[in-house]
Amino acid sequence: MYQRILAATDGSPLSEKAVEAALSLAALSKATLIVLKVVPRYPVSYFEGGLPVDAGDVKRIEKQWGDAAKALLEEIKAKGDAVGVTVKPVVVKSDLVAEAIISAAKKHKCDLIVMASHGRKGLKRLLLGSETQHVLTHSHVPVLVLR
């Protein structure tokens with residue numbers, strides 16, 4: 001059925017459900033699970049009153065974020081090992097989460113993307129955006145969305 005499934009996670013309880021579903025689906029179809037965590041770059045403010053941050057501090061903070069992402073994905077890999085699923089952890093640095101997910105799915109030749117959606121509606125969705133909606137409308141790979 002599926003050979004490679006991409007599961008995108010942000011570490012939230014909702015995305016944990018999506019990862020669990022992706023693990024189950026990968027086990028059933030004997031697929032490889034690509035588990036992806038997109039890590040943002042440190043925001044730089046160019047507005048008056050913004051506090052300048054030393055480049056060394058930015059590098060250290062981004063490294064901490066990357067290390068935390070790797071640790072999260074290694075936990076998921078261990079869960080995959082326990083149920084006989086091959087899990088490939090992937091950490092990507094990007095401020096464009098949806099684009100990073102689409103790109104990773106294409107790069108790893110995934111048959112399916114599994115991700116969670118908070119199900120925001122109205123003004124909250126307009127203000128906060130929807131990475132899931134962007135992936136749904138721009139990906140050529142089928143997307144399974146869990147709420």
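Biologist: How many aromatic pairs does a search of the whole structure find?

Modeller: One, formed by Tyr 42 and Trp 65. Do keep in mind that this is a predicted model: local features need pLDDT of at least 70, side-chain atom pairs count only at pLDDT 80 or more, and totals for chains, interfaces and linings use all residues. Residues are numbered from 1 along each chain as its sequence is written, and side-chain values use heavy atoms, with hydrogens and water left out.

Biologist: Why is the pair of Tyr 42 and Trp 65 called stacked?

Modeller: Rings of Phe, Tyr and Trp (its six-membered ring) pair if their centres lie within 6.5 Å; planes under 30 degrees apart count as stacked, over 60 as edge-to-face and the rest as tilted. Here the centres are 6.0 Å apart and the planes make 25°, so both values meet the cut-offs.

Biologist: What does the pair tie together?

Modeller: Parts that are 23 residues apart in sequence, because Tyr 42 sits in the loop between E2 and H2, and Trp 65 in helix H2. Helices (H or I, at least four residues) and strands (E, at least two) are DSSP runs, numbered from the N terminus.

Biologist: Which residues of H2 are buried?

Modeller: Among them are Val 58, Ile 61, Leu 73 and Ile 76. The buried residues of H2 pack against helix H1 (13–29), strand E2 (32–39) and strand E3 (87–93), where contact means heavy atoms within 4.5 Å.

Biologist: What makes E3 and E5 edge strands?

Modeller: Two strands pair if DSSP finds at least two bridges between them. The open sheet of five strands has the order E3-E2-E1-E4-E5, with parallel pairing, and E3 and E5 each pair on one side only. E4 and E5 are joined by four bridges, so they meet the cut-off for pairing.

Conventions: Buried means under 20% relative accessible area, exposed over 50%, partly exposed in between (1.4 Å probe, protein chains only).
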